[in-house]
Amino acid sequence: MSGLPREERLLNLLAALLAARTPLPFREIRGRVSGYDDDASEEALEKRFDRDKKDLRKLGVPIEYVADDSYGRSGYLIPRDRYYLDEISFTNEEGIALAAIERAIQGGESDPFASRLRSALTKISVDSPLTEAFRESVAEQQLLDPHVPGAGTGILSEIAGALAARRPVS
């Protein structure tokens, strides 16, 4: 039995399969991927590998076996187009709305809803227009503060007002 915790072994296998540019045969996994490099018998390592593949598949990882690719290689791989999520993109209006939400929840440390929103914004901000420059631009335009004369117009002003007053928007 591998001395590694199961979760670490699964992550090592996942990382190895994602890093592989060509199908990775089990013979290359055995002995090279941590968790499959102990002195267990070949049969025990294969059973461990089969269990781990099954567990990763249950978690939604699309591990595939390729019998022969165009270069005659066989092995396991994870198709990147089926594993990674598409990049998130937002329109300027959506970005402004997200920045408005972010600004409205600042300081709401005791509000559990605000902490959940903050967590969600952090997760999506990697691929969103909510860069520091974007946030500064929005703040400079004062689009989000309904209490500043001339700040925002139309729907944006209404949304900012609703957020500031913590009332629902539809």
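Guide: Start with Asp 55. At 18% relative accessibility, Asp 55 counts as buried. Buried means under 20% relative accessible area, exposed means over 50%, and partly exposed is in between (1.4 Å probe, protein chains only). Asp 55 lies in helix 3. Leaving aside neighbours within four places in sequence, Asp 55 is in contact with Arg 6 and Leu 10. Contact means heavy atoms within 4.5 Å. Helices (H or I, at least four residues) and strands (E, at least two) are DSSP runs, numbered from the N terminus.

A word on the source. This is a predicted model, in which local features need pLDDT of at least 70 and side-chain atom pairs count only at pLDDT 80 or more, while totals for chains, interfaces and linings use all residues. Residues are numbered from 1 along each chain as its sequence is written, and side-chain values use heavy atoms, with hydrogens and water left out.

Now the core. A nonpolar core is a set of buried Ala, Val, Leu, Ile, Met, Phe, Trp, Tyr and Cys residues joined through side-chain atoms within 4.5 Å. The largest one has 19 residues. Those with the most contacts inside it are Leu 13, Leu 17, Ile 29, Phe 49, Ile 63 and Ile 78. Helix 1 (6-19), helix 2 (26-29) and helix 3 (42-58) are the elements that give two or more residues to this core. Helix 1 provides the largest share, six residues.

Take Ile 29. Beyond its neighbours within four places in sequence, Ile 29 is in contact with Leu 13, Leu 17, Leu 24, Tyr 36 and Phe 49.

Phe 26 is in helix 2. Phe 26 is buried, with a relative accessible area of 12%. Neighbours within four places aside, Phe 26 is in contact with Leu 45, Glu 46, Phe 49 and Tyr 76. The C-alpha atoms of Phe 26 and Phe 49 are separated by 8.4 Å, and the two residues are 23 apart along the chain.

Back to helix 3, for Glu 42. Glu 42 counts as partly exposed because its relative accessibility is 41%. Its C-alpha atom is 8.6 Å from that of Arg 30, twelve residues away along the chain.

Next, the pocket. On a 1 Å grid over the protein atoms alone, a pocket is an open set of points where a 1.4 Å probe fits, with protein on both sides within 12 Å along at least five of seven lines; lining residues have an atom within 4 Å of a point. The largest pocket has a volume of about 210 Å³. Twelve residues line it, and the closest to its centre are Ile 105, Phe 113, Leu 117, Leu 163 and Arg 166. Helix 5 (92-105), helix 6 (112-124) and helix 8 (154-165) each supply at least two lining residues.

Glu 87 sits in the loop between helix 4 (80-83) and helix 5. At 64% relative accessibility, Glu 87 counts as exposed. Glu 87 and Ile 124 are 37 residues apart in sequence and 10.0 Å apart in space, C-alpha to C-alpha.

Finally, the whole chain. It has eight helices and two strands. From the N terminus, the order is α-α-α-β-β-α-α-α-α-α. Of the 170 residues, 32% count as buried. Among contacts between residues at least 6 apart in sequence, 48% join residues at least 24 apart.

Terms used
Grid points are joined across faces, edges and corners, and a volume is the space filled by probe spheres set on the points.
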